[in-house]
Amino acid sequence: MIHFIDVSKIYPNGSVGLDRVNLTVEKGEFVFLVGPSGSGKSTLLRLITREEKPTEGKVLVGSRNIARLRRKEIPYLRRRIGVVFQDFRLLPKLTVAENVAFALEVNELSRKEIRRRVAEVLDLVGLAGKERACPRELSGGEQQRVSIARAIVNNPLVLLADEPTGNLDPETSWEIVKLLETINIRGTTVIMATHNETIVNTLQRRVVAMAEGRTVRDEVRGSYQQ
Amino acid sequence: MKIITLGKLAGEGMANLRARSGMGLTAITIITLAFVVLGLFLVLFFNLNSLGTSLAQKLQLRVFLTDGASIETVGESLRSLPGVEGLEFVSKAQALEELRKQLGERSELLDLVEENPLPHTYIVRVREAELIPGIAEEAKTIVGVEEVVYGRESLGKVLDFINTVSILSVVGMVIIFLATLFIVVNTIRLTVIARKEEIAIRKLVGATDAFIRAPFVFEGIFMGLASASLASLLADFTYRLVLERAPQAIPFLPILPREAVVPQVTLSLLGLGVLLGIVGSWVSVRKYLR
Ligand SMILES: Nc1ncnc2c1ncn2[C@@H]1O[C@H](COP(=O)(O)OP(=O)(O)OP(=O)(O)O)[C@@H](O)[C@H]1O
Ligand SMILES: [Mg+2]
């Protein structure tokens with residue numbers, strides 16, 4: 001479903017983000033992206049959302065080469081991709097429900113439909129009853145659940161998580177990863193960039209390791225280190 | 001985009017404006033004052049335009065015919081000249097009659113003349129005052145035309161004056177518009193900066209450019225419309241004062257009545273206000289859409 005074909009990304013300042021990467025992720029997979037800082041994990045994810053354009057090569061999402069996407073088409077690509085970050089990126093002035101609804105409003109759904117889907121997804125991530133809370137009234141783990149709810153409320157093909165547990169304690173991290181696993185089991189492809197060795201080793205999922213912009217290891221039931 | 005979405009985004013724009021109401025009010029005040037000046041330029045502009053037209057109506061060409069010329073042929077030739085709107089024929093006899101009336105008691109003088117010395121005359125009405133000199137030249141070449149008269153000197157000067165002032169008022173309006181645009185851009189940019197995170201998240205979840213831009217465009221339009229409405233009221237008020245005083249001060253100048261100017265000025269200002277909002281917000285959001 002997602003294909004990187006000889007993809008290189010050189011940033012305008014000359015630093016190498018990706019170096020001739022080839023990678024295929026099929027529908028329904030759960031993939032850990034590991035590797036030292038600066039190895040290109042975030043760059044890889046940003047190429048899927050078309051936040052960045054490849055310098056060379058093709059990035060296929062579905063069957064479209066999104067390197068060739070016209071500006072007007074980018075929003076429709078992004079509606080099929082959910083994204084989660086280390087720092088949650090919630091809007092502090094909006095309630096939990098409003099934060100999640102934010103992703104539905106751009107689809108111009110009816111208010112009723114929005115309310116229904118928000119309730120459903122908050123239930124899924126275990127935040128039923130917190131609709132009216134504000135982000136700062138929530139723990140880090142809860143905030144990350146809100147951001148996951150926002151990422152999946154549009155039923156995306158793929159969920160991209162860039163160090164989603166980076167700001168959380170081990171126990172909370174574990175809960176978040178369990179949630180991602182649940183979402184994966186329901187059919188959404190998940191790609192998660194992480195430095196969390198324990199989680200990767202415990203879950204025994206596909207691991208793609210990167211170094212200096214290249215994929216250096218790809219194992220179906222991998223661990224953090226070789 | 002659905003109407004209901006537009007409504008929602010318009011509400012958001014209004015809320016944005018209210019959230020920074022101090023800034024918004026300052027901007028609206030300044031833009032209003034600028035628009036009042038702009039409105040007065042418009043008043044001037046409309047008045048000059050109508051002055052030009054009324055001059056054209058008043059300052060007619062008088063075309064004197066040679067004795068024995070065909071009245072019909074000359075009339076047709078005159079009618080066919082571009083810019084001619086209508087003709088009025090004054091026969092020798094009518095001309096004499098008119099002259100008699102004008103002379104009043106002294107009309108006995110005319111009895112001294114045996115033959116009617118006055119020529120047949122066409123009075124030519126033209127569409128625009130500017131066209132008069134050209135038409136006069138053309139008319140002179142028509143067979144059977146003895147002479148063409150109009151207030152050549154004074155007309156030329158007046159038209160030059162009207163033109164110069166019209167151009168200056170347009171230049172003034174453009175400068176004021178650009179200045180207000182600058183204010184709108186900077187005011188909305190502050191909102192945009194305050195909403196940077198929201199814009200980033202909207203982009204991430206797949207909002208179109210139009211969706212992201214809409215609240216800021218509405219904010220700009222609200223600002224423009226509010227300023228334009230206030231300015232229209234002030235301009236109306238000022239114009240009424242001028243109308244009350246001016247006729248005594250400069251009695252010979254034809255000043256347009258309020259009904260002929262104020263609606264036009266109001267509409268123009270509202271239109272400019274909307275344009276201002278759209279262009280201003282467009283410029284301020286552009287950078288953040290990249
Ligand atoms: N916006 C950018 N402009 C210039 N260079 C960049 C940019 N983003 C990343 N890079 C460079 O690209 C390389 C890969 O960075 P990237 O952020 O993808 O690494 P990463 O694997 O996500 O690292 P981390 O684990 O620290 O998040 C680095 O050398 C980095 O300096
Ligand atoms: Mg990173």
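Me: Which side chain of chain B does A:Arg71 meet in a salt bridge?
Reply: This is a predicted model, where local features need pLDDT of at least 70, side-chain atom pairs count only at pLDDT 80 or more, and totals for chains, interfaces and linings use all residues. Residues are numbered from 1 along each chain as its sequence is written, chains are lettered from A and ligands numbered from 1 in the order written, and side-chain values use heavy atoms, leaving out hydrogens and water. A salt bridge here is a side-chain nitrogen of Lys or Arg within 4 Å of a carboxyl oxygen of Asp or Glu. At 2.8 Å, N to O, the partner of A:Arg71 is B:Asp209.

Me: How many salt bridges are there between chain A and chain B?
Reply: The pair A:Arg71 and B:Asp209 is one salt bridge. The count between the two chains is 2.

Me: What is the area buried between chain A and chain B?
Reply: Buried area is the accessible area (1.4 Å probe) that two parts lose on being put together, summed over both. The contact (heavy atoms within 4.5 Å) takes 17 residues from chain A and 17 residues from chain B. In chain A, A:Arg71, A:Phe102 and A:Glu108 lose the most area to chain B, together 36% of what that side buries. Carbon and sulfur atoms give 62% of the buried area, which comes to about 1,600 Å².

Me: OK, on to the ligand. Which helix of chain A gives the largest share of the shell around ligand 1?
Reply: Helices (H or I, at least four residues) and strands (E, at least two) are DSSP runs, numbered from the N terminus. Strand 2 (16-25) and helix 1 (41-48) of chain A each supply at least two residues of that shell. With 4 residues, the largest share comes from helix 1.

Me: Which side-chain polar atom lies 2.7 Å from an oxygen atom of ligand 1?
Reply: A polar contact is a pair of N or O atoms within 3.5 Å; within protein, one must be able to donate a hydrogen and the other to accept it, and residues adjacent in sequence count only if both atoms are side-chain atoms. A:Ser15 has a polar side-chain atom 2.9 Å from a nitrogen atom of ligand 1. For A:Glu163, a side-chain N or O atom is 3.3 Å from an oxygen atom of ligand 1. The 2.7 Å distance to an oxygen atom belongs to a polar side-chain atom of A:Lys41.
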